[in-house]
Amino acid sequence: MEPVTIALAKGRLAEQTMELLEAVGIDCAQVRSPGRKLVFSEPTGRFRFILVKPSDVPTYVDHGVADIGVAGKDTLMEENRPLYELLDLGFGRCRLCIAGFPEGKRRAVTDANFRVATKYPNIAREYYGAKGQTIEIIKLNGSVELGPLVGLSDVILDVVESGGTLRANGLEIQETVVQDVSARMVVNCVSLKTKGERIRWLIDSVAQELIRRREAERA
């Protein structure tokens, strides 16, 4: 029987996902000591794991290399691939915001060559396009807050958790693009048919574990 392959985003997202999977009886011990390996088998042979860059999770699931993946809602929106989004896992919560200098230190978005620095060019293009505004998008992969500070951009579009980094650099939130960004479990459309029983078992088990945790928090 071919295993169900789960794409795990390297880093904290993988750690939190593995905690959930272990809680429902899936052995993730190999993945917790990966060394240089990227592909791991669960002892029962029911599941397999691949460790990938967070932004690549939707690509692996879309192409059927992975049957299931866990990625942030921001990543899924940016990639916009035809996947089934079946569970909100609730962790990694943040907002997707426009941020820049306070009023009086900023240019109007209607000015010529208004520039937006972001890791999310597709989201930025769609967001401003829906408002009928023309912008220049500057794609950055890290330290996006630096854009306005050095004059590379007028604003940034990025995920915001506490806002501490923005405040430390004299920036503030101007608009909220998406209020609720969190980790989501997505499934390949074909896999849901060909491996449906095991995938549904996993989805149902994780969903029950999330309910149990929420009830425990309220108690």
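I count a residue as buried under 20% relative accessible area, as exposed over 50%, and as partly exposed in between, with a 1.4 Å probe and protein chains only.

**Ground rules.** This is a predicted model, so I noted that local features need pLDDT of at least 70 and side-chain atom pairs count only at pLDDT 80 or more, while totals for chains, interfaces and linings use all residues. Residues are numbered from 1 along each chain as its sequence is written, and side-chain values use heavy atoms, with hydrogens and water left out.

**Strand E1.** Helices (H or I, at least four residues) and strands (E, at least two) are DSSP runs, numbered from the N terminus. I checked both faces of E1: Val4, Ile6 and Leu8 are buried on one side, and Thr5, Ala7 and Ala9 are buried on the other. That makes 6 of the 6 residues buried, so E1 is largely enclosed by the rest of the structure.

Next I looked up its partners; two strands pair if DSSP finds at least two bridges between them. E1 and E3 run parallel and share 6 bridges, with isoleucine 6 partnered by phenylalanine 49 of E3. E4 also runs parallel to E1, through 2 bridges, and its glycine 69 is opposite alanine 7.

**Cores.** I take a nonpolar core as a set of buried Ala, Val, Leu, Ile, Met, Phe, Trp, Tyr and Cys residues joined through side-chain atoms within 4.5 Å. The largest has 41 residues, and Phe49, Leu89, Leu202 and Val206 touch the most other members. Elements that each supply at least two residues of this core include E1 (4–9), E3 (47–52) and helix H9 (196–218). A second, separate core has 16 residues, among them Tyr127, Ile135, Val177 and Val181.

I then listed contacts (heavy atoms within 4.5 Å). Valine 206 touches Leu20, Leu21, Val24, Leu87 and Leu89, leaving aside neighbours within four places in sequence.

**The open sheet.** I traced 5 strands in the order E8-E7-E9-E6-E10, with mixed pairing. E8 (136–139) and E10 (172–181) are the edge strands, each pairing on one side only. E7 (115–118) and E9 (155–160) run parallel, joined by 3 bridges, and threonine 118 is opposite leucine 157 in E9.

**Helix H5.** Which residues of H5 are buried? I found Pro121, Ile123, Ala124, Tyr127 and Tyr128 buried. They sit on the same side of H5 because they cover an arc of only 160° around the axis (taken from the directions from the helix axis to the C-beta atoms). Glu126 and Ala130 are exposed on the other side. The buried residues of H5 pack against helix H4 (73–79), E6, E7, E8, E9 and E10. Just after H5, glycine 132 has a positive phi of about 75°.

**Glutamate 78.** I looked at this one in helix H4 since it is buried, at 9% relative accessible area. Its contacts, leaving aside neighbours within four places in sequence, are Lys119, Tyr120, Pro121, Asn122 and Ile123.

**Cysteines.** How many disulfides are there? I searched the whole structure for cysteine sulfur pairs within 2.5 Å and got 0 disulfides. Cysteine 97 has its closest cysteine sulfur 8.6 Å away, in cysteine 94, too far for a bond. Cysteine 97 is buried, at 1% relative accessible area, whereas cysteine 189 is partly exposed at 26%.
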